[in-house]
Amino acid sequence: MRYKSALLFAPLLTAACTAGPDYHGPVAATPATPPSFVRGDASTGLLEAAQPWWTALHDPILDQLMNQALSANPRLDAAAARIRQARSSLRQRKAGGLPTINGSALYAKARLPGQAEDGDATTLDLYNLGFDASWELDLFGGHHRAVEAARADVEGSEASLDVARVSLSAEVAQSYVDLRDRQQRLALGTQALALQDEEVALTRQRFERGTIAHGDLLQQEFDRDGARARLSPIRAEVDALKDKLAILTGAAPGTLDALLDPPALPPLPPAQVAVGDPAALLQRRPDIRAAERKLAAQTARIGVADAARFPHISFLGLIGLGGSSPEDLVDLDKFTVAAVPRISWSFLDFGKARARINAAEAQRDEAAANYRAAVLTALQDAEGALSRFQRQRESLADLVRAEQQAKAAAELARQRSEAGTISIINYRITQRQALGATQAKVEAMAALTGSFISLQKALGLGWQGVGSAAPAVR
């Protein structure tokens with residue numbers, strides 16, 4: 001009767017005696033989370049962020065590339081596979097707390113030396129068909145903590161998939177902006193090279209008439225050849241970026257050439273950008289969530305190590321039919337039942353269990369430190385990205401004015417050239433200067449959009465609202 005009572009109260013003991021510390025969330029990484037970003041200004045605010053963020057650039061080709069990348073990139077497939085692995089481990093952990101039942105069938109034939117005076121050997125046949133079951137009670141919560149850790153691992157893997165989405169979306173957008181920037185540099189450089197070819201031709205004519213020295217012609221040719229040489233690496237960069245975008249979308253190099261070949265200006269971010277506040281950032285960034293889930297898992301593993309110090313109680317049950325002939329397998333009178341309780345306890349392990357607990361606690365402390373580092377890094381990333389974004393806006397505004405002035409100077413030079421007050425060569429030089437100003441503006445446009453992309457990545461955006469486009473997680 002006492003034995004049955006112990007079995008009835010075992011679940012209560014399991015719930016009441018859970019080894020290890022309970023997890024109550026991470027300790028705050030900063031003394032107080034600021035209500036707003038220090039580097040924010042009028043161009044940023046607590047707006048509702050558009051999802052997904054890259055649609056704010058209003059570039060249909062970029063949207064197409066993003067959809068392809070988020071549905072076919074191998075890195076996301078690998079992250080999704082890791083989630084399935086973690087979920088399978090969780091199911092195994094849960095099943096580990098349930099009884100294990102095995103079916104068995106046995107036939108044995110034995111020849112024994114004779115015991116009689118005549119010395120004849122005895123032959124025995126043994127038939128058995130039955131089941132055996134085993135179950136270990138989770139009296140001190142070791143299995144409960146293992147399941148808790150496995151569940152946190154699953155949630156950490158899910159956060160890691162979101163981290164991969166954030167990184168991938170930022171990489172695709174940055175590569176696309178870089179491609180558009182290089183295409184514009186190549187187009188403007190080709191126009192400038194054509195002007196330099198004309199300048200060289202005009203200079204040669206003046207040299208042949210004897211109005212200038214040979215050194216002036218050689219200098220013009222040197223500048224022109226150098227400009228031509230600088231275009232070749234840009235062409236290589238264009239090809240490399242097209243191949244990179246193809247790989248990011250899960251396609252072979254060259255697949256997207258027809259889509260990407262027509263040059264276009266880099267897309268520009270909107271006039272006002274939603275950034276939210278630091279508190280929302282800490283909840284939104286998936287790398288912070290992954291670090292917090294890692295901390296939860298390591299905290300639970302302290303309980304796993306702690307429970308190993310206590311006794312382990314398990315039960316083994318046997319049910320079967322059998323005898324010395326096949327007919328015994330269906331004879332209920334040959335029914336055999338056995339129940340075997342077992343207790344094991346490593347009460348003298350010379351500090352091994354305590355060492356395992358200390359190691360688990362150190363791993364928990366490491367995870368806590370990594371979590372704090374992730375929070376501080378996230379705040380630093382966001383503030384730095386905000387600062388760069390604002391400065392790039394200012395730089396672009398200055399370069400737009402510089403381009404306007406260069407174009408005005410080129411127009412004035414055209415009028416003076418037509419009036420005969422300056423040479424055509426001087427006019428071509430001002431045209432090249434205007435092209436250089438346009439190129440500087442385009443580079444500033446690309447830099448501004450690049451800082452916008454970095455800001456979105458720092459804010460942890462790029463994973464919400466893309467579940468339908470992302471690899472299925474089962």
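## Basis of the description

A residue is called buried when its relative accessible area is under 20%, exposed when it is over 50%, and partly exposed in between, using a 1.4 Å probe and protein chains only. The structure is a predicted model, in which local features need pLDDT of at least 70 and side-chain atom pairs count only at pLDDT 80 or more, while totals for chains, interfaces and linings use all residues. Residues are numbered from 1 along each chain as its sequence is written, and side-chain values use heavy atoms, with hydrogens and water left out.

## Overall architecture

The protein contains ten helices and six strands; these are DSSP runs numbered from the N terminus, with helices being H or I of at least four residues and strands being E of at least two. Of the 474 residues in the protein, 38% are buried. Contact is taken as heavy atoms within 4.5 Å. Among contacts between residues at least 6 apart in sequence, 84% join residues at least 24 apart.

R285 is placed in the loop between helix 7 (278–284) and helix 8 (286–307). Its relative accessibility is 7%, and R285 therefore counts as buried. The side chain of R285 makes a polar contact of 2.7 Å with the side chain of D287. Such a contact is a pair of N or O atoms within 3.5 Å; within protein, one must be able to donate a hydrogen and the other to accept it, and residues adjacent in sequence count only if both atoms are side-chain atoms. When neighbours within four places in sequence are left aside, R285 is in contact with A378, D381, K457, A458, L459 and G460.

## Helix 8

Helix 8 has 22 residues, which at 1.5 Å a residue should span 32 Å; the end C-alpha atoms are 32 Å apart, in agreement. The expected span is 1.5 Å times one less than the number of residues. Because 17 of the 22 residues are buried, helix 8 is largely enclosed by the rest of the structure.

K294 lies in helix 8 and, at 44% relative accessibility, counts as partly exposed. K294 and A367 are separated by 73 residues in sequence, yet their C-alpha atoms are 6.4 Å apart in space.

## The largest nonpolar core

A nonpolar core is a set of buried Ala, Val, Leu, Ile, Met, Phe, Trp, Tyr and Cys residues joined through side-chain atoms within 4.5 Å. The largest such core has 52 residues, and W53, L62, V172, L245 and L455 have the most contacts inside it. At least two residues of this core come from each of helix 2 (60–72), helix 3 (74–95), helix 4 (142–208), helix 5 (214–248), helix 7, helix 8, helix 9 (352–419) and helix 10 (424–458). Helix 9 gives the most, with ten residues.

Apart from its neighbours within four places in sequence, V172 is in contact with L62, L65, M66, A69, L245 and L248.

## Aromatic pairs

Rings of Phe, Tyr and Trp (its six-membered ring) pair if their centres lie within 6.5 Å; planes under 30 degrees apart count as stacked, over 60 as edge-to-face and the rest as tilted. The count by this rule is four aromatic pairs. The rings of W53 and W54 have centres 5.5 Å apart and planes at 80 degrees, so this pair is edge-to-face. W53 is buried, with a relative accessible area of 3%, and W54 counts as buried at 2% relative accessibility.

W53 also forms an edge-to-face pair with F452, at 5.9 Å centre to centre and 70 degrees between the planes. This pair links distant parts of the chain: W53 is in the loop between strand 1 (44–45) and helix 2, whereas F452 is in helix 10, 399 residues apart. W53, W54, F389 and F452 form one aromatic cluster.
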